[in-house]
Amino acid sequence: MSDGDGAPGRLSGRLVALGVTGSIAAYKAVELLRLLTAEGADVVVLLSASASRFVGALSFAALSRHPVETDVLELQADGRIGHIVVADSADAIVVAPATAHWLGAMANGLAADVVTAACLATSSPVVVAPAMDGDMWTHPATQANVARLRDAFAYAIVEPDTGSLASGQSGVGRLAELPRIVDAVVAAVAGRPIRQPDAGARPPLAIAPVREEDLGGRHVVVTAGGTREPIDPVRFIGNRSSGRMGVALAEAALGRGASVTLIAADVSVALPVDRARVVRVETADELRSALLETLFGSPPAPPVARFDALVMAAAVADFTPRAPAAGKLSRGEGLSLELRPTPDILAEVSRIARGAGGPGSPGDGVIPRPVLVGFAAETGSLDRAPDKLRRKGLDLLVANDVTEAGSGFGSDTNRVVILDAEGGREALPLLSKRAAADRILDRVAAALDARDAAGQTAAMQERNA
Ligand code: C5P
């Protein structure tokens with residue numbers, strides 16, 4: 001064992017997945033978890049729905065330091081599919097206690113619970129320790145299922161012990177003594193290399209690692225939500241944006257030490273009003289005024305950058321009614337609206353920031369050079385995205401297909417591609433919007449660091465010239 005004498009445990013460096021199913025012996029799995037940990041294993045727990053009625057997920061999470069997998073359909077906080085991550089990274093899966101029902105489901109490949117799903121998806125050894133009433137254990141159905149697991153699937157079966165059972169009777173069916181189960185896990189992994197030594201590819205820790213404050217001292221401006229363009233005092237043209245992505249970006253930037261201004265149009269999520277400077281706007285024109293004031297100060301002040309990065313996640317209307325009615329329009333004969341295009345705000349910011357002709361902008365743009373990030377919500381192909389990045393003069397463009405399931409408006413997840421000005425293209429997997437926000441900010445932080453390093457080198461060269 002690894003505790004006490006300081007010698008490495010027999011499972012040192014291993015990831016062991018402990019599958020717990022709904023037997024009264026489920027409480028013994030808590031002690032089994034402790035024994036596996038004492039052997040040096042990193043343990044992640046898969047809990048079936050019925051097992052969670054015997055022992056709560058919280059006990060397992062606290063002892064394993066990993067979130068407990070309970071639902072086949074639930075994604076991890078970082079958007080990965082939990083039972084697949086477990087299946088792909090665990091050195092062994094041990095199912096203890098395994099109920100008669102679970103043996104039947106497993107023997108037939110019925111993956112309705114996380115334990116069966118992980119076993120089906122893994123190429124690692126599986127150890128099974130059944131526990132049940134004596135008659136259930138000796139029933140031919142159970143015995144046939146156990147035989148299938150052992151002979152056809154090559155699972156190691158830790159046969160139950162004889163003794164007093166939950167029913168009050170005495171017989172075979174008691175969960176095997178825990179050291180015997182631990183020994184079976186040790187034997188199952190013997191001689192195999194550690195499958196996934198990289199902690200980042202294993203299941204996440206229960207307490208998410210805090211990112212370093214790599215945006216400390218930076219002013220990050222984020223726009224979020226959908227603009228509303230008035231038709232009359234009660235009606236507007238809007239869009240489906242929920243503001244989730246923009247608010248996730250603001251939250252993530254705050255978490256990384258940035259000072260954040262969040263310019264929020266219509267949003268359906270809570271805003272971090274106590275930690276960020278929040279400016280509420282309604283129309284594209286209001287968003288433009290608020291943004292230009294925040295980024296460059298009031299005209300005619302020279303455009304000095306008051307920000308380090310702009311992330312333009314807002315869904316800005318492309319058209320607005322040319323002449324909104326002063327009073328409520330009546331149904332009458334119907335309505336024809338004349339629309340005018342709104343200014344491309346991001347392109348305008350870019351022109352000012354880069355010095356390509358914005359009002360009062362100097363030839364070189366503002367110093368230090370801010371990082372500009374745009375979003376492109378596309379339907380179908382992302383072919384137009386590189387051209388959009390060039391036209392708007394951006395450092396990064398985050399493109400996504402809003403028609404894809406789990407991506408885009410209103411959803412909590414997003415699958416995005418990050419394009420950069422050098423022609424790079426980083427396709428991210430389906431992630432929670434918060435995780436996608438952090439990946440985008442990784443790029444922003446790196447771009448700002450590169451900018452500062454280049455500035456320092458240039459200043460040194462000037463001094464030495
Ligand atoms: O051209 P498209 O509307 O797809 O560009 C999207 C990007 O441009 C987003 O970052 C959006 O916030 C911004 N945008 C803008 N002004 C507009 C329309 C879009 O700044 N009038």
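Does L335 count as buried or exposed, and at what relative accessibility? In this predicted model, local features require pLDDT of at least 70 and side-chain atom pairs count only at pLDDT 80 or more, whereas totals for chains, interfaces and linings use all residues. Residues are numbered from 1 along each chain as its sequence is written, and side-chain values use heavy atoms, with hydrogens and water left out.

L335 counts as exposed because its relative accessibility is 53% (buried, under 20%; exposed, over 50%; partly exposed in between; 1.4 Å probe, protein chains only). L335 lies in the loop between β14 (319-321) and β15 (339-341), strands being DSSP runs of E of at least two residues and helices runs of H or I of at least four, numbered from the N terminus. Together with F319, L337 and L339, L335 forms a nonpolar surface patch with about 370 Å² of accessible area.

The ligand is surrounded by 14 residues, of which M312, A314, L346, F375 and K388 are the closest (a residue is near when one of its heavy atoms lies within 4 Å). For K388, an N or O atom of the side chain is 2.5 Å from a ligand oxygen atom; a polar contact is a pair of N or O atoms within 3.5 Å. Of the 450 Å² of accessible area that the ligand has on its own, the protein covers 87% (Shrake-Rupley method, 1.4 Å probe). Two or more residues of the shell come from each of α11 (345-354), β16 (371-378) and α12 (385-392).

Notes. A polar contact is a pair of N or O atoms within 3.5 Å; within protein, one must be able to donate a hydrogen and the other to accept it, and residues adjacent in sequence count only if both atoms are side-chain atoms. Patches are made of residues with over 30% relative accessible area and no salt bridge: like charges are joined within 9 Å, nonpolar side chains (Val, Leu, Ile, Met, Phe, Trp, Tyr) within 5 Å. A salt bridge is a side-chain nitrogen of Lys or Arg within 4 Å of a carboxyl oxygen of Asp or Glu.
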